[in-house]
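Open the model in your viewer and keep the selection panel at hand. The tour goes stop by stop.

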There are 2 protein chains.
Amino acid sequence: MHILVVGAAGMIGRKLVAALIAKGEVQGRPIDRLTLADIVAPETPDFAGKVSTVAADLSDDGVAAKLVAPRPDLIFHLAAIVSGEAEADFEKGYRVNLDGTRALFEAIRIEGLREVYAPKLVFTSSIVVYGEPLPETIEDTYFLAPLTSYGTQKAIGELLLADYSRRGFFDGIGIRLPTISIRPGKPNRAASGFFSSILREPLIGEEAVLPVEESIRHWFASPRAATRFLIHAAELDTAPLGSRRSLTMPGLAATVGEEIEALRRVAGEKAVKLIRREPNPAVAKIISGWPRSFDARRAAALGFQAEKSFDEIIRVHIEDELGNTLPA
Amino acid sequence: MHILVVGAAGMIGRKLVAALIAKGEVQGRPIDRLTLADIVAPETPDFAGKVSTVAADLSDDGVAAKLVAPRPDLIFHLAAIVSGEAEADFEKGYRVNLDGTRALFEAIRIEGLREVYAPKLVFTSSIVVYGEPLPETIEDTYFLAPLTSYGTQKAIGELLLADYSRRGFFDGIGIRLPTISIRPGKPNRAASGFFSSILREPLIGEEAVLPVEESIRHWFASPRAATRFLIHAAELDTAPLGSRRSLTMPGLAATVGEEIEALRRVAGEKAVKLIRREPNPAVAKIISGWPRSFDARRAAALGFQAEKSFDEIIRVHIEDELGNTLPA
């Protein structure tokens, strides 16, 4: 099986590639070839089969056609510029997140005109396709009303995915990822950054800033769960999806206060004391427009599973990012 | 006030132009200029102010920019190829209905980069943005799941409309039109054609074919109501819409049997006898995926109004299309 990962250099992309190599097969078919593409060249992983890495912009002429020409059996489309950048640069956001996605979908369709071709395609969407008015718990049949250009671009991607799948151009599935926590790496300027950093930094003895109230509730899954969602989506028989090709992934609805309690249980009061409260009304305002909780029953019925507690999310981080130990 | 109507040669476009000229003003401002564009040259209406007609494809390079360059104050975007054609010709559907819409929106945004410009923009969407699973009555917060490429393109248009409006590039409002009945003119091959023809043909003493059961329920408004929706949308203060820029228009939920009963009341048994039952499973299957009824309370609260009975819809047709008389 030949797998193409577009967006392979990102945090989720790298974890996905590692998980695919560790698993060795998808849908019972051994993986013998990987094509890893991103705007910067992805690292070449340690893999027995054939690996190609490609540094290119999907929205540039001919790039998508070139990626699709070897007719990969399975395509993961994770490539996107993030919410903050898509909001700051309107044209770039639409070019990368909408035109890039459409270029990939069109390349697959056009490749299929030559000779039958309909790969499985897994598309990452996001819970920010939802917007106001926000019920306390969002059902699977609730309407999409994105409040950002990024959310708009993801919602459009979902619509295209459904139509191209209905037409038989590919066998698509979209997964709306929860906010990924604990996101490894350095603190970044994303409005959602604190959800991870108030755990990540204290776990290694560093200070973190909490800009919002402890009562703020949001929807989370670990990077490990996100990788599992992607692979489960790739293996899933899409027949039960009917025309509804995108699914809200299960997650953990938790408040900031509950995050902090979990940190206390796992790493003690010393860690909790490293969280500095520094209210930021601008961040609070952005977060107030975000979903708080979902009833993701369609995905759950199809076997997608997330963490059940923040203790578990923290333990995943310690195992996967901190060599399974905490600093003394 | 300068008004641009894109799609001015179509049935609704022509009625809209006539209604605007009869009204003479919008938002209390006199209409002094009309630009009427369509893929074929729209007729030049009898109008005291300045009129330009343009025959051009909105998706062709430079067309949208040229239409927008004189900075119209109000833009109606009605242009689209219909459902059947968008389904039969995938590429043309996306080019006209998606790329054309985006070209118009982009032209407005780019015109605004030069000097502040944010016209009011009224976009016609359709109830076919909804799809399975279909509740008996669809609420305003129900999710969009189009089952056709046309519905997909309209749903994408709605998303772009909301994002461009949120960004302040224009002041957009989308209206999801019910199935227009009684559609004037000749019978066409649209799957929905019979909803109109079983009334229109018998009213002039001609035979019509009914391909489905009388129990089929659907959502209707007259062409006169559609024109009224468009003008009401143009006059509406969009502040109460918030980020939700598209509205399901009110309509009449009626069964085919109720249509026929109204025909009997208005035109007698003689007219009803001209309806020939000829079941067509292919048409029945298409129709089964269509919405049956809506609770369009947002639009109703904002003052949009449709007909309350099919008797009224038939009378509108007799007044507007048959010179207010029935053949003996």
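Start with Y117(A). It sits in the loop between α4 (90-114) and β7 (120-126) of chain A. Remember throughout that this is a predicted model.

**Stop 1: around Y117(A)**

Now show its contacts. Leaving out residues up to four places away in sequence, Y117(A) touches R71(A), E111(A) and G112(A). Next, draw a distance from Y117(A) to E136(A). The two are 19 residues apart along the chain, and their C-alpha atoms are separated by 42 Å.

**Stop 2: a cis bond in each chain**

Stay in chain A and select P133(A). It is found in the loop between β7 and α5 (149-166). The peptide bond joining E132(A) to P133(A) is cis, with omega about -5 degrees. Most peptide bonds are trans.

Switch to chain B and pick I182(B), in the loop between β10 (179-180) and α6. Here the bond from S181(B) to I182(B) is cis, and omega is near 0 degrees.

**Stop 3: positive phi in chain A**

Select Q27(A), in the loop between β2 (25-26) and β3 (29-30) of chain A. Its phi is near 55 degrees, a positive value in a residue other than glycine. Most residues other than glycine have a negative phi. Q27(A) counts as exposed because it has 12 other C-beta atoms within 10 Å, and the cut-off for exposure is 12 or fewer.

Then go to N324(A), in the segment after α11 (310-321) of chain A. Phi is positive at N324(A) too, near 65 degrees. With 9 other C-beta atoms within 10 Å, N324(A) is therefore exposed.

**Stop 4: the nonpolar core**

Which residues have the most contacts inside the largest nonpolar core? Select V5, V6 and M249 in chain A, and V5, V6 and M249 in chain B. The core has 186 residues. In soluble globular proteins, nonpolar side chains tend to be buried together.

**Stop 5: two helices of chain B**

Show α6 (residues 193-203) and α8 (residues 256-272) of chain B. Their axes come within 10 Å and cross at roughly 30 degrees. Angles under 35 degrees count as roughly parallel, so α6(B) and α8(B) are roughly parallel to each other. Their crossing is left-handed.

Now display the side chains at the contact. From α6(B), pick I198(B), L199(B), P202(B) and L203(B). They meet E259(B), L263(B), A267(B), A271(B) and V272(B) of α8(B). The contact residues divide into 8 nonpolar, 1 charged and no polar.

**Stop 6: where the chains meet**

Finish by colouring the two chains separately. How many residues of chain B are in contact with chain A? There are 19, and they meet 19 residues of chain A. On the chain B side, select helix α5 (residues 149-166): it gives the most to the side touching chain A, with 6 residues. By type, the chain B side divides into 9 nonpolar, 6 polar and 4 charged residues.

Technical notes: Residues numbered from 1 in each chain as written. Chains lettered and ligands numbered in written order. Predicted model: local features only at pLDDT ≥ 70, side-chain atom pairs only at ≥ 80, totals over all residues. Core = buried A, V, L, I, M, F, W, Y, C linked by C-beta atoms within 7 Å. Buried ≥ 20, exposed ≤ 12 C-beta atoms within 10 Å, placed from the backbone. Contact = placed C-beta atoms within 7 Å. Helix = DSSP H or I, 4+ residues; strand = E, 2+ residues; numbered from the N terminus. Nonpolar A, V, L, I, M, F, W, Y, C, P; charged D, E, K, R; others polar. Axes fitted to C-alpha atoms, helices over the stretch in contact; angles between N-to-C directions. Parallel < 35°, antiparallel > 145°, perpendicular 65-115°, else oblique. Left-handed = near helix turned anticlockwise from the far one by under 90°.
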